[in-house]
Amino acid sequence: IEFISARWGHLLNINRPIWHGRMNLFKSSIGELECPVQDAGLFIDGSFIPICKPSNTDAEKAFYNGYYHKHGVKIQAVTSPDGMIVDLRGPFPGAVHDLTMLRASDFLEDFERFHRATRTLILGDKAYLGGHELISTPKRLNSTNYSAVWNKKISECRIGVEWSFQILKTRFKLLSIHKELKIGRSNISKIITCSALFTNFSICFYNAGTVSSYFHVVPPTIFE
């Protein structure tokens with residue numbers, strides 16, 4: 001785990017050349033689903049991973065998530081229409097909100113640089129409302145039907161990131177065995193990094209998946 005994360009962990013960053021070259025393909029595939037956001041090419045979301053209850057009182061509070069009623073960590077990921085995990089940040093304590101993760105990480109600085117080169121926008125859920133002008137989210141409903149239609153189309157497009165998280169957690173069962181993930185004893189960060197890397201490797205090898213089939217985008221080869 002130490003070697004793999006150190007050797008290939010840098011691949012989980014949005015500013016790799018391969019993503020610059022695939023943005024037009026991604027934008028086109030999302031546009032075919034009648035996405036209301038022009039130039040949307042990627043998806044962002046946070047995900048909760050349960051861990052063993054910390055023995056330290058302060059850590060117990062920091063890692064407890066009131067929504068899931070469990071202790072855990074959260075990760076922030078940016079995924080693409082071919083099912084790949086383009087960017088991964090974290091882990092953060094389980095009590096942290098998605099928008100707080102976004103602001104605490106250095107992702108926005110990296111993405112602004114990426115946007116200047118590709119003019120790409122990201123689709124996020126309502127947790128990212130007001131987070132950044134380059135992240136398009138569902139609109140607050142009003143008396144017109146426009147917001148409802150907008151939100152429906154956004155949800156239909158960004159379902160890809162939910163599927164990507166599902167693949168990450170189902171292919172690598174360790175992330176679902178909370179008793180094996182212990183603060184101070186397990187290198188949770190590197191376990192998550194390796195799981196994300198192996199998820200991407202498997203998508204490249206098998207050249208298929210729920211996300212890529214939905215968007216009709218063939219994943220890159222392992223050599224790319």
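This is a predicted model: local features need pLDDT of at least 70, side-chain atom pairs count only at pLDDT 80 or more; totals for chains, interfaces and linings use all residues.
Residues are numbered from 1 along each chain as its sequence is written, and side-chain values use heavy atoms, with hydrogens and water left out.

**Helix H5**

H5 covers residues 107–118. Helices (H or I, at least four residues) and strands (E, at least two) are DSSP runs, numbered from the N terminus. The expected span of a helix is 1.5 Å times one less than its number of residues. For the twelve residues of H5 that gives 16 Å, and the end C-alpha atoms are 16 Å apart, which agrees.

The buried residues of H5 (under 20% relative accessible area; exposed is over 50%, partly exposed in between; 1.4 Å probe, protein chains only) are Phe107, Leu108, Asp110, Phe111, Phe114, His115 and Thr118. They cover an arc of only 155° around the axis, so they sit on the same side of H5. That arc is taken from the directions from the helix axis to the C-beta atoms. An α-helix has 3.6 residues a turn, so residues three or four places apart point the same way. The face turned away from the buried side carries the exposed residues Glu109, Arg116 and Ala117.

H5 also meets helix H2 (residues 17–31): their axes come within 10 Å and cross at roughly 70°. Axes are lines fitted to C-alpha atoms, for helices over the stretch in contact, and angles run from 0 to 180 degrees between N-to-C directions.

**Backbone exceptions**

Most residues other than glycine have a negative phi, and most peptide bonds are trans.

The peptide bond from Gly90 to Pro91 is cis, with omega near 10°. Pro91 is in strand E4 (residues 85–93).

**Cysteines**

The whole structure has zero disulfides; a disulfide is a pair of cysteine sulfur atoms within 2.5 Å. For Cys157, the nearest cysteine sulfur is that of Cys35, 4.1 Å away. Cys157 is buried, at 0% relative accessibility. The sulfur of Cys204 is 16 Å from the closest cysteine sulfur, in Cys194, too far for a bond. Cys204 is buried at 11%.
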